Each structure stands twice: as C-alpha cells, then as structure tokens.
Amino acid sequence: MSAEKIKATLIDPRYVSQENPDPVYRVDFWDENRACFENRIENAKSIVDVLAWAEANRYGRYAVIWVEYIYEGGIGMARLHGWEPTEAGSPSASDPYFRQ
C-alpha cells in the first residue's frame, strides 16, 4: 500500500472504552516451504520488543506479527506486520522467497 492511500483522521481519544496495557502478541514464522511456526508472546513491554524478538528468532524465515484481542465470541487477532503468504492476493504470496 502506498502512503497516498492511507487515510488518517483526527479523533477524540475518549472514543475508546477499554485499553489493554499488556497485550499478547503472536509471531508466526514462515519458512520457504510455507510451513508456519506460531509463537505466543507475553510480557513484552511494547511492539518494539516484539519486533526485536522476532528478528532475533527469525533465522531467515518470514515473520508475521499479530496482536490478540478479546471479543464476546472469543479471541481474535489483528495483523500488525507482514502478510500471510497463503492468503490470496497477499503481497508476500508473490515474494520470491515463497516461490515453489
């Protein structure tokens, strides 16, 4: 996505009804065979720590980083970094790293 397509809107910060100061993250590592190794990350001080952990444990694999959230139907995830290489139309789906 190019920066021109990003939409930024000023908001009233009071629109949020709940915050989670200690989120749980997930780091999925994908290898060249599209095998995925999922890791649940707790007690990280910030996304910066999660990014550093992912880089230190990547070992040449492709990393996708998520944050968990709880909703009335269970636990969901929001993607923060990377793309699932198996997702149709994913920018990483055509990445030379994943070509068979």
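**Fold, core and pocket of the predicted model**

Leaving aside neighbours within four places in sequence, L80 is in contact with Y25, I47, I65, W66 and V67; contact denotes heavy atoms within 4.5 Å. The model is predicted, so local features need pLDDT of at least 70 and side-chain atom pairs count only at pLDDT 80 or more, while totals for chains, interfaces and linings use all residues. Residues are numbered from 1 along each chain as its sequence is written, and side-chain values use heavy atoms, with hydrogens and water left out.

L80 sits in strand 4 (residues 74–81). Helices (H or I, at least four residues) and strands (E, at least two) are DSSP runs, numbered from the N terminus. L80 has a relative accessible area of 45% and is therefore partly exposed. The cut-offs are under 20% relative accessible area for buried and over 50% for exposed, with partly exposed in between (1.4 Å probe, protein chains only). The C-alpha atoms of L80 and Y25 are separated by 9.5 Å, although the two residues are 55 positions apart along the chain.

The chain comprises one helix and four strands. From the N terminus on, these elements follow the order β-β-α-β-β. Of the 100 residues in the chain, 27% are buried. Among contacts with a separation of 6 or more, 42% join residues 24 or more positions apart.

The largest nonpolar core has 10 residues: Y25, V27, F29, I41, A44, V50, A54, A63, I65 and V67. Strand 1 (25–30), helix 1 (47–57) and strand 3 (62–71) each contribute at least two of its members. Such a core is a set of buried Ala, Val, Leu, Ile, Met, Phe, Trp, Tyr and Cys residues joined through side-chain atoms within 4.5 Å.

Beyond four places in sequence, I65 is in contact with R26, V27, I47, V50, L51, A54, A78, R79, L80 and H81.

The loop between strand 2 (36–41) and helix 1 holds N43. N43 is not a glycine, yet has a positive phi of about 65 degrees. Most residues other than glycine have a negative phi. N43 counts as exposed because its relative accessibility is 76%. K45 occupies the loop between strand 2 and helix 1. At a relative accessible area of 76%, K45 is exposed. The C-alpha atoms of K45 and P23, 22 residues apart along the chain, are separated by 9.0 Å.

At the start of helix 1, a side-chain oxygen of S46 comes to within 3.2 Å of the backbone nitrogen of V48. A polar contact is a pair of N or O atoms within 3.5 Å; within protein, one must be able to donate a hydrogen and the other to accept it, and residues adjacent in sequence count only if both atoms are side-chain atoms. Just after helix 1, Y59 takes a positive phi of about 50 degrees. Y59 is placed in the loop between helix 1 and strand 3. Its relative accessible area is 66%, so Y59 is exposed.

The largest pocket contains about 160 Å³ of space. Its lining consists of Q18, E19, N20, E68, Y69 and I70. By class, two of these residues are nonpolar, two polar and two charged. Ala, Val, Leu, Ile, Met, Phe, Trp, Tyr, Cys and Pro count as nonpolar, Asp, Glu, Lys and Arg as charged, and the others, Gly among them, as polar. On a 1 Å grid over the protein atoms alone, a pocket is an open set of points where a 1.4 Å probe fits, with protein on both sides within 12 Å along at least five of seven lines; lining residues have an atom within 4 Å of a point. Grid points are joined across faces, edges and corners, and the volume is the space filled by probe spheres set on them.
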